[in-house]
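Please open the structure in a viewer and keep the sequence at hand. The stops below are meant to be followed in order.

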Amino acid sequence: MKIKPIRIGRFLLTKMTASDGEKYHQLSDDEEVMKYVTGYALNRQESDKMLSVMLAEHGDDTYLGRYFIEESETGELIGAAKLDQVGSEIEIGYRIQKAHWHKGIATEIAEGLIRFSRGTLNAKTVIAFVNVDNAPSIRVLEKAGMKNVQTIEDIDEVKYKFIHSTQPESAIGKAFHSFFKWFN
């Protein structure tokens, strides 16, 4: 199957390849952008290794994987996005270069990834994980219509699991989530 770029509004998402080392390093050499990814900016060697590991996760014949986010008209590099499968759920993710923060781009990308996951990948449930201290990204996921359903203590961080589901929430589920929010 030939994987075509994904169009999300004014942006084009193109799948990363092994020859994209320089381009990927542009996204990973800023400490603030990498704060909730690695906690520090990556040098070129670390960036190349990260790209290689990510590319090994999925082949070229699937929409799952990592993408560059580029402005459609100019080709300007805006950030990166991901589509991954976790069990029966599709996980979305994004990272935006600092020069493009506070412009609504992350929300536009998250909403587009949700639509793509549902329409093309037939996902019933779309999820995202975010560090509990990453308030801007938490707000992005909320604006994209996702709900925080779980706190997860991972090896190196505490994160929230957000969910966007086509399943109608039962009255019991709504009551549970309302109750649960009191403890978060």
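**Before selecting anything**

This is a predicted model, in which local features need pLDDT of at least 70 and side-chain atom pairs count only at pLDDT 80 or more, while totals for chains, interfaces and linings use all residues. Residues are numbered from 1 along each chain as its sequence is written, and side-chain values use heavy atoms, with hydrogens and water left out.

**Stop 1: confidence**

Colour the chain by pLDDT, the predictor's confidence in each residue, from 0 to 100. The chain has a mean pLDDT of 90, and 90% of its residues reach 70 or more. Next, select residues 176-184, where pLDDT stays under 50. For this stretch the model has seven contacts (heavy atoms within 4.5 Å) beyond four places in sequence. Where pLDDT is low, the predicted coordinates should not be read in detail.

**Stop 2: helix α1**

Helices (H or I, at least four residues) and strands (E, at least two) are DSSP runs, numbered from the N terminus. Select α1, residues 21-28. Its buried residues are G21, Y24, H25, L27 and S28; buried means under 20% relative accessible area, exposed over 50%, and partly exposed in between, with a 1.4 Å probe and protein chains only. The arc is that of the directions from the helix axis to the C-beta atoms. Among the elements covering them are α2, β3 (65-71), β4 and β5.

**Stop 3: helix α4**

Move to α4, residues 135-143. Which of its residues are buried? They are S137, I138, V140 and L141. Their arc around the axis is only 160 degrees, which puts them on the same side of α4. On the other side, A135 and P136 are exposed. The buried residues of α4 pack against β5 (89-96), α3 (105-119), β6 and β8. After α4 comes G145, with a positive phi near 90 degrees.

**Stop 4: the strands around β8**

Select β8, residues 158-165, together with β6, residues 125-131. The two strands pair in the antiparallel sense over seven bridges; pairing requires that DSSP finds at least two bridges between two strands. F129 has K161 in β8 as its bridge partner. A hairpin through four residues joins β7 to β8.

**Stop 5: the largest pocket**

The largest pocket holds about 1,600 Å³ of space. Of the 46 residues that line this pocket, the closest to its centre are Y36, V37, Y94, R95 and N134. Two or more lining residues come from each of α2 (44-57), β4 (77-86), β5, α3, β6 and α4. On a 1 Å grid over the protein atoms alone, a pocket is an open set of points where a 1.4 Å probe fits, with protein on both sides within 12 Å along at least five of seven lines; lining residues have an atom within 4 Å of a point.

**Stop 6: two loops**

Most residues other than glycine have a negative phi. Select H102, in the loop between β5 and α3. H102 is not a glycine, although its phi is positive, about 65 degrees. H102 counts as exposed, at 79% relative accessibility. Finish at N122, in the loop between α3 and β6. Its phi is also positive, near 55 degrees, and N122 is exposed, with a relative accessible area of 60%.

Technical notes:
Grid points are joined across faces, edges and corners, and a volume is the space filled by probe spheres set on the points.
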